[in-house]
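Please open the structure in your viewer and keep the sequence at hand. The tour moves from one selection to the next and says what is there.

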Amino acid sequence: MSHEEIVWLIDGLLPAVGTSIIGAPPKSGKSILARQLCAAVQNGDPLLGRDSRQGRALYFSTQESPSNIASHFRTMGYGDRDTMPAVIAVRRVERQNAIESLDKTLEENPGFKLVVTDMIVDFLPVTDTNDYEETRKVFAGIATLADKHKLHIAVTHHSKKVKQ
């Protein structure tokens, strides 16, 4: 079996080309972690004690206003044009065409190394996130985009709350 060396976006954690899911119950810090990931890559800063590969980062939000997102980046110390990741914040996404729209955005703005989509259920046309086959088929489009544009796409997703 051949062994292909992995190029890392976040050393030993996220490959430079690939996909990942930041999943946790609501209000547990997914968006905060996602923004820290974007800022780390944008600036080549460590994340969770691991080195990051510097490159342009895009934070795509369906949950918050651009001003709230920018304010949070400023609070983290990433408030100027060079240090703040690119931000797209929309309340409504045409889910049937979302992958094609993101593809077009990436083609028109080449060079991103990371895209974070903060809430994937608002982005992908999935009717039941518990349906493995449906989710797998739709998520395959995200993986195809990551391969095509040679970048990492991370998505946030609500997992069910654990009953105590």
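Predicted model: local features only at pLDDT ≥ 70, side-chain atom pairs only at ≥ 80, totals over all residues.

Begin by selecting the five strands of the open sheet, which lie in the order β3-β7-β6-β4-β5 and pair in parallel. The edges of this sheet are β3 (18–24) and β5 (86–89), each of which pairs on one side only, and from one strand to the next the twist averages 15°. Within the sheet, select β4 (residues 56–61) together with β6 (residues 112–118), a parallel pair joined over six bridges; here arginine 56 has phenylalanine 112 of β6 as its bridge partner.

Then select α4, which lies across β3 and β7, running at about 135° to β3.

Now turn to the largest pocket, whose volume is about 220 Å³, by selecting its lining residues, among them Lys27, Gly29, Gln63, Asp118 and His158. Helix α1 (residues 30–43) gives the largest share of this lining, three residues, and the lining as a whole divides into three nonpolar, five polar and four charged residues.

Finish at the second largest pocket, with a volume of about 150 Å³, where the lining includes Ile21, Leu124, Thr135, Phe139 and His157. Both α4 (132–149) and β7 (152–158) supply at least two residues each to this lining, which is made up of seven nonpolar and three polar residues, with no charged ones.

Note on methods. Residues numbered from 1 in each chain as written. Heavy atoms only, no water. 1 Å grid on protein atoms, 1.4 Å probe; cavity = no way out; pocket = protein on both sides within 12 Å on 5 of 7 lines; lining within 4 Å. Points joined across faces, edges and corners; volume = space filled by probe spheres on them. Helix = DSSP H or I, 4+ residues; strand = E, 2+ residues; numbered from the N terminus. Nonpolar A, V, L, I, M, F, W, Y, C, P; charged D, E, K, R; others polar. Pairing = 2+ DSSP bridges. Axes fitted to C-alpha atoms, helices over the stretch in contact; angles between N-to-C directions. Contact = heavy atoms within 4.5 Å.
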